[in-house]
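Visitor: Hi, could you walk me through this structure? I'd like to ask things as we go.

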Amino acid sequence: DKDLSDLLIETYGETIDDIINTSGNLKIDTFTHSLKLSSCMVEFVDYLRKLPLDELTKKIKHKQKDLFINYIKNLSFIQYDKLIVMCWWHDIGKIKINKSILTKPGKLTTAEYKEMSKHAIHSANLLRQLGFSDDIVASVFFHHPKNFSEKKIYTFLPAISLLEITDIYTALREPRIYR
């Protein structure tokens with residue numbers, strides 16, 4: 001695995017600017033969301049880690065509660081960093097979504113929503129091409145598990161749960177061009 005600074009220097013600066021050919025506001029909105037998401041992730045994980053085990057056990061409603069609690073309580077520095085990387089990159093696939101959908105004011109049609117949902121697949125494909133680890137790629141791919149008929153993997157990777165929860169929370173608290 002590459003470390004965070006290598007990933008940022010090698011890919012973020014050049015790759016995104018080269019690939020994205022859209023309005024400045026859209027780039028800023030997506031980038032700002034990713035930064036807010038990483039901050040929210042850090043706060044949420046830190047909050048969960050500080051809870052006494054009995055209190056955490058009462059609060060967690062995850063299907064694989066023991067696995068999730070073990071993940072939180074034994075989170076390594078590398079896993080923690082990966083959560084932040086997932087936040088930064090989870091929406092990069094939106095660069096492959098038609099700009100008219102991304103910039104549409106108001107509610108998306110069913111077809112537009114279905115197209116927008118593909119951003120997670122595009123994100124995972126781009127991250128795999130860039131050499132990200134399989135756990136990051138899988139978490140980004142499944143960060144909107146309601147979009148997939150097969151949800152079993154969701155219960156086995158607590159990072160996906162954390163990414164989904166914080167992504168929804170963050171998205172609901174910020175203005176969006178589309179809804």
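**Helix packing and cysteines**

Guide: Happy to. H5 and H10 cross in a right-handed manner (right-handed means that the near helix is turned clockwise from the far one by less than a right angle, left-handed that it is turned anticlockwise). Helices here are DSSP runs of H or I with at least four residues, numbered from the N terminus. Please note that this is a predicted model, where local features need pLDDT of at least 70 and side-chain atom pairs count only at pLDDT 80 or more, while totals for chains, interfaces and linings use all residues. Residues are numbered from 1 along each chain as its sequence is written, and side-chain values use heavy atoms, leaving out hydrogens and water.

Visitor: Which residues of H5 and H10 make the contact?

Guide: On H5 they are Leu83, Met86 and Cys87, and on H10 they are Ala159, Leu162 and Leu163. Contact means heavy atoms within 4.5 Å.

Visitor: How do those residues divide into nonpolar, polar and charged?

Guide: The contact of H5 with H10 has six nonpolar residues, no polar and no charged. The nonpolar class is Ala, Val, Leu, Ile, Met, Phe, Trp, Tyr, Cys and Pro; Asp, Glu, Lys and Arg are charged, and the others, Gly among them, are polar.

Visitor: At what angle do H5 and H10 pack?

Guide: About 45 degrees, with the axes 11 Å apart. The axes are lines fitted to C-alpha atoms, for helices over the stretch in contact, and angles run from 0 to 180 degrees between N-to-C directions. H5 and H10 are therefore oblique to each other (under 35 degrees is roughly parallel, over 145 roughly antiparallel, 65 to 115 roughly perpendicular, and the rest oblique).

Visitor: And H4 with H10, at what angle do they cross?

Guide: At roughly 80 degrees, and the axes of H4, residues 65–73, and H10 come within 9 Å. H4 and H10 are therefore roughly perpendicular to each other. Leu67, Phe68, Tyr71 and Ile72 of H4 meet Pro158, Ala159, Ser161 and Leu162 of H10. This contact of H4 with H10 divides into seven nonpolar residues, one polar and no charged.

Visitor: Is Cys87 buried or exposed?

Guide: Cys87 is buried, with a relative accessible area of 0%, and Cys40 is buried too, at 15%. Buried means under 20% relative accessible area, exposed over 50%, and partly exposed in between, with a 1.4 Å probe and protein chains only.

Visitor: What does Ser34 contact?

Guide: Leaving aside neighbours within four places in sequence, Ser34 is in contact with Cys87, Trp88 and His90. Ser34 is in helix H2, residues 24–50, and is buried, with a relative accessible area of 4%.

Visitor: What about Leu48?

Guide: Leu48 also lies in H2 and is buried at 3%. Beyond four places in sequence, its contacts include Phe68, Ile72 and Leu162.

Visitor: Last one: which helices do the buried residues of H8 pack against?

Guide: H5, H7 and H9. Those buried residues of H8 include His119, His122 and Leu126. After H8 comes Gly131, with a positive phi near 90 degrees.

Note on methods
Helices (H or I, at least four residues) and strands (E, at least two) are DSSP runs, numbered from the N terminus.
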